Amino acid sequence: MTMSLLFVEILGIVVAVCLCILVTVAWYFHRQHQKYDHLPGPPRDSFWKGNIPSIEKVKAAGGIMDDYLLEISKTYGLVFRLCFWNEVAVIVLDPECIKDVLVTGNHQKSKRFYSRVASVFGFNSCVNATF
């Protein structure tokens, strides 16, 4: 009898901890999405995966990401947002805005993404750059 009660208590604690973790992660995702909801963009297909299901559909149909971005830009303009899990990407297609974001302005840049984009023909022009 006491062994089964101990098991039930431990199971209850594990379930409670998992539920707390799930609620915390959901709250974090909501806050990340909420930061950029003022920008235009396609609605998220999924709360958890964001716009990933739409991209997967395009790739499954033989399309490429560039075509998907072009279609979205026709609807939402040259500056829009896409959600990928807890990350929100602000896509800028206007040349003047790109110049402002990358060169002129002092805007935050994702180290992980920007280091891949900054490499031109295998040469990383931002080796000594600080972000």
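Predicted model: local features only at pLDDT ≥ 70, side-chain atom pairs only at ≥ 80, totals over all residues.
Residues are numbered from 1 along each chain as its sequence is written, and side-chain values use heavy atoms, with hydrogens and water left out. Local features need pLDDT of at least 70, side-chain atom pairs count only at pLDDT 80 or more, and totals for chains, interfaces and linings use all residues.

Leu 39 sits in the loop between α1 (2-35) and α2 (52-60); helices are DSSP runs of H or I with at least four residues, numbered from the N terminus. Asn 51 and Trp 48 are also placed in the loop between α1 and α2.

| Residue | Relative accessibility | Class |
|---|---|---|
| Asn 51 | 0% | buried |
| Trp 48 | 32% | partly exposed |

Buried means under 20% relative accessible area, exposed over 50%, and partly exposed in between (1.4 Å probe, protein chains only).

Not counting residues up to four places away in sequence, Asn 51 touches Pro 42, Pro 43, Arg 44, Asp 45, Tyr 68, Leu 82 and Cys 83, where contact means heavy atoms within 4.5 Å. A polar atom of the Asn 51 side chain lies 3.2 Å from the backbone oxygen of Pro 43.

With the same exclusion of residues up to four places away in sequence, Leu 39 touches Arg 81 and Val 90. Leu 39 and Val 90 are 51 residues apart along the chain, and their C-alpha atoms are separated by 8.4 Å.

Key: Helix = DSSP H or I, 4+ residues; strand = E, 2+ residues; numbered from the N terminus. Polar contact = N/O pair within 3.5 Å; in protein donor to acceptor, adjacent residues only side chain to side chain.
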